[in-house]
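Have the viewer open and follow along.

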Amino acid sequence: LDWVIDNHETYGIKVVNLSLSDGGEYNNAAASPCSGTNTANAIADLKTLGISVYTASGNEGHDSGIAFPACVPDAISVGGVYDASFSAVNWSTPSGTTLCTDTPATVDSFVCHSYSGALLDLLAPDYLTSTTGIGGGTAHFGGTSIASPYAAGQAARLLEAVPTLTPDEIVSWLKFFAPQVTNPDNGLSFSRTRVDIAVQFL
């Protein structure tokens, strides 16, 4: 983040993605580590420079908070929805213990492993997303670490259309006409980004 601050003008950087988390569950953006840490301060500095920072909400299925650095007030936290439909999808912890199961798992339904809470900003495709693979071909991924760069890419698309958009304006446009998706485990609803609609109105 310090490097981006120092080099953003040289490389024209307007969007940053952080596909990482500490595995914690935070619901107070004013408390440490969400505020007052070096990372939180750097993200605030980036926003002041007009640079959006998108962050993965976390993948351990917490429903009362999101991970750090997603919980940083000036970050844009992103959770996940399905990008295709399946009869059932099982999610496991790194040790192999079952974390949760979505039955069925339908397009644009909330992915049960995605962290959520009052601090979550957006939802974007999490599983089974497709992108270009290293060395060619197509690769498929899952996780909020995929949802976050998906949303960051959408932010870049909006900036292509209107380069002067601020980070807050970008989020507002990503929510424009966005369907609301509810996490059945906590009843909270979030905007699933619709950049395809937003660009038509910019």
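## Before you start

You're looking at a predicted model, where local features need pLDDT of at least 70 and side-chain atom pairs count only at pLDDT 80 or more, while totals for chains, interfaces and linings use all residues. Residues are numbered from 1 along each chain as its sequence is written, and side-chain values use heavy atoms, with hydrogens and water left out.

## The pocket

Rolling a probe the size of a water molecule over the atoms shows where empty space is left. A pocket here is an open set of points on a 1 Å grid over the protein atoms alone, where a 1.4 Å probe fits, with protein on both sides within 12 Å along at least five of seven lines; lining residues have an atom within 4 Å of a point.

The largest pocket has 14 lining residues, and P73, D74, A75, I76 and D121 are the ones nearest its centre. By class, the lining splits into 10 nonpolar, no polar and 4 charged residues. (Ala, Val, Leu, Ile, Met, Phe, Trp, Tyr, Cys and Pro count as nonpolar, Asp, Glu, Lys and Arg as charged, and the others, Gly among them, as polar.) Helix α4 gives the largest share of that lining, 3 residues. Helices (H or I, at least four residues) and strands (E, at least two) are DSSP runs, numbered from the N terminus.

## The open sheet

Six strands make an open sheet with mixed pairing, in the order β1-β2-β3-β6-β10-β9. Strands count as paired if DSSP finds at least two bridges between them. β1 (15–18) and β9 (180–182) are at the edges with a single partner strand each, so one side of each has no neighbour in the sheet. From one strand to the next, the twist averages 45°; angles run from 0 to 180 degrees between N-to-C directions, and axes are lines fitted to C-alpha atoms, for helices over the stretch in contact.

Within the sheet, β3 (residues 76–82) and β6 (residues 122–127) run parallel over 5 bridges, and Y82 stands opposite Y127 in β6. Helix α3 packs on the sheet and touches β1, β2 (52–56), β3 and β6, at about 120° to the direction of β6. Contact means heavy atoms within 4.5 Å.

## Two helices meeting

α3 (residues 144–161) also packs with α4 (residues 167–174), at about 105° and with the axes 10 Å apart. The two are therefore roughly perpendicular, a label for angles of 65 to 115 degrees. A151, Q154, A155, L158 and L159 of α3 meet I170, W173 and L174 of α4. This contact has 7 nonpolar residues, 1 polar and no charged ones.

β7 (residues 129–132) and β8 (residues 138–141) pair antiparallel over 4 bridges. They form a hairpin with 5 residues between them, and G135 in the turn has a positive phi of about 85°. T131 has A139 of β8 as its bridge partner, while T132 stands opposite T138.

Two cis peptide bonds are worth a look. One runs from T103 to P104, with omega near -10°, and P104 sits in the loop between β5 (98–102) and β6. Another runs from Y127 to L128, with omega near 5°, and L128 is in the loop between β6 and β7. Also check D108, a residue other than glycine with a positive phi, near 70°, in the loop between β5 and β6.

Conventions. Angles under 35 degrees count as roughly parallel, over 145 as roughly antiparallel, 65 to 115 as roughly perpendicular and the rest as oblique.
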